[in-house]
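Hi there,

Here is the structure I promised to pass on to you. Have a look at it first, and then read on for what turned up.

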Amino acid sequence: RTIEAELREALRTTDQLSVHFQPLVAQKTRKIVGAEALARWHHPKFGSISPVKFIPVAENSGLIEDLGDFVLRKSCALGAEVPGRTIAVNISTTQLRNPGFAARVFDLLYETGMRATDLELEITESILLDDEHVSAQNLRTLRSSGIHIALDDFGTGYSSLSYLRRYPVDRIKIDRSFVSQLSDGHDSVAIVQAIITLAHAMNIQVTAEGVETEEQADILGRLGNNTLQGYLFSRPVKADEIVAKFAGDP
Ligand code: G
Ligand code: G
Ligand code: MN
Ligand code: NA
């Protein structure tokens with residue numbers, strides 16, 4: 001059977017699928033202010049299958065609608081349990097192109113009781129490449145309800161800067177390829193400094209992804225970064241573990 005057929009089956013019962021959550025940490029206080037939702041698939045025969053493999057399959061087969069819905073539902077259920085913490089959810093271009101997407105998100109917020117202002121949707125600049133009217137309309141509708149929009153993997157694409165000019169966002173996430181090279185005297189320090197200065201001048205918050213060392217966190221602090229995420233703090237963990245982490249860090 002193809003991976004697509006296996007994924008279709010997994011989505012039918014959903015017991016092979018789960019959502020893990022990786023803490024988002026305030027730069028200054030090191031308090032856990034939220035978490036990013038990350039889809040996980042454990043196949044009974046093949047074991048763990050990476051989202052790097054199955055997300056593209058889902059996107060090319062239309063299954064991303066069901067998978068995205070599953071992730072959003074789990075994320076909103078968690079968000080309702082931990083008001084005041086941000087839950088960030090990765091949204092694919094295909095989902096955003098659906099004219100019913102914003103309404104679906106509002107339904108899930110209503111059903112679960114999660115506040116709109118606790119939800120952050122992570123998008124990539126590829127939505128700009130196809131310049132979809134529907135995507136732009138969805139983003140406007142979602143944002144005007146108080147949901148936050150984050151631009152993921154910032155700096156890796158071709159049009160990061162023109163994206164900022166055309167679509168309003170609340171946050172950019174500096175790609176971990178820049179963060180992993182941060183050390184005193186390295187060019188990456190100047191690049192990250194420029195990104196943070198630009199973002200703040202546009203009233204945009206900054207999250208640094210893939211923070212693995214105290215030195216990286218320290219440099220980011222000096223550069224004025226707002227939020228940290230990475231293995232230095234925690235790997236993605238199960239929903240009950242993130243609830244326990246939040247409870248331990250009120
Ligand atoms: O969690 P991990 O590092 O393995 O994720 C790998 C990639 O898969 C990342 O680019 C991440 O954004 C993406 N990804 C993980 N979960 C989801 C999801 O629920 N939806 C979408 N669209 N992408 C996801
Ligand atoms: O593209 P996106 O930023 O959504 O991808 C998130 C991915 O990054 C997840 O798959 C997550 O497992 C991974 N990740 C999170 N923290 C770290 C880290 O500190 N180092 C590395 N190498 N990967 C990380
Ligand atoms: Mn992300
Ligand atoms: Na990213």
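Let me begin with the ligands. Ligand 1 sits among Leu38, Ala39, Ser50, Pro51, Val52, Ile55, Val71, Asn90 and Ser92. Sorted by class, that shell holds six nonpolar and three polar residues, and no charged ones. Two elements, strand 2 (32-43) and helix 2 (51-61), each supply at least two of the shell residues. Helix 2 gives the most, with three residues. Please keep in mind throughout that this is a predicted model.

Around ligand 2 there are 13 residues, and Asn90, Gly210, Glu212, Gly230 and Tyr231 come nearest. The make-up of this shell is four nonpolar, four polar and five charged residues. You will have noticed Asn90 in both places: it is listed around ligand 1 and is one of the residues that come nearest to ligand 2.

Now the overall picture. The protein has 12 helices and nine strands. Its radius of gyration is 18 Å, close to the 18 Å that the globule rule gives for 250 residues, so the protein is as compact as a globular protein of that length. If you are setting up a box, the C-alpha atoms fill one of roughly 50 × 40 × 35 Å along the principal axes. Of the 250 residues, 37% count as buried. As for how the chain meets itself, take the contacts between residues at least 6 apart in sequence: 66% of these join residues at least 24 apart.

On to the interior. In soluble globular proteins, nonpolar side chains tend to be buried together. Here the largest nonpolar core has 64 residues, and Val89, Ile172 and Ile174 have the most contacts inside it. Helix 3 (residues 64-81) contributes the largest share of this core, six residues.

Which of the residues of helix 11 are buried? They are Gln216, Ala217, Ile219 and Leu220. These four residues cover an arc of only 165° around the axis, which puts them on the same side of helix 11. The face turned away from that buried side carries the exposed residues Glu214, Asp218 and Arg222. As for what the buried side packs against, the partners are helix 9 (176-179), helix 10 (187-201), strand 8 (205-208) and strand 9 (227-228). After helix 11 comes Gly224, with a positive phi near 90°.

- Arg30 has a phi of about 60°. It lies in the loop between strand 1 (17-26) and strand 2. Arg30 has 13 C-beta neighbours inside 10 Å, so it counts as partly exposed.
- Asn203 has a phi of about 65°. Its place is the loop between helix 10 and strand 8, two of the elements that the buried residues of helix 11 pack against. With 8 C-beta neighbours inside 10 Å, Asn203 counts as exposed.

Finally, a couple of places where the chain comes back to itself. Arg97 is in the loop between helix 4 (93-96) and helix 5 (101-112). Is Arg97 buried or partly exposed? It is partly exposed, because 15 other C-beta atoms lie within 10 Å. Not counting residues up to four places away in sequence, Arg97 touches Glu132, Val134 and Ser135.

Ala103 belongs to helix 5, and it counts as exposed because it has 12 C-beta neighbours inside 10 Å. Ala103 and Leu142 are 39 residues apart in sequence, with a C-alpha to C-alpha distance of 8.7 Å.

Happy to talk any of this through once you have had a look.

Best wishes

Notes:
Residues numbered from 1 in each chain as written. Chains lettered and ligands numbered in written order. Predicted model: local features only at pLDDT ≥ 70, side-chain atom pairs only at ≥ 80, totals over all residues. Near = placed C-beta within 6 Å. Nonpolar A, V, L, I, M, F, W, Y, C, P; charged D, E, K, R; others polar. Buried ≥ 20, exposed ≤ 12 C-beta atoms within 10 Å, placed from the backbone. Arc of directions from axis to C-beta. Contact = placed C-beta atoms within 7 Å. Rg over C-alpha atoms; globule rule 2.2 N^0.38 Å. Core = buried A, V, L, I, M, F, W, Y, C linked by C-beta atoms within 7 Å.
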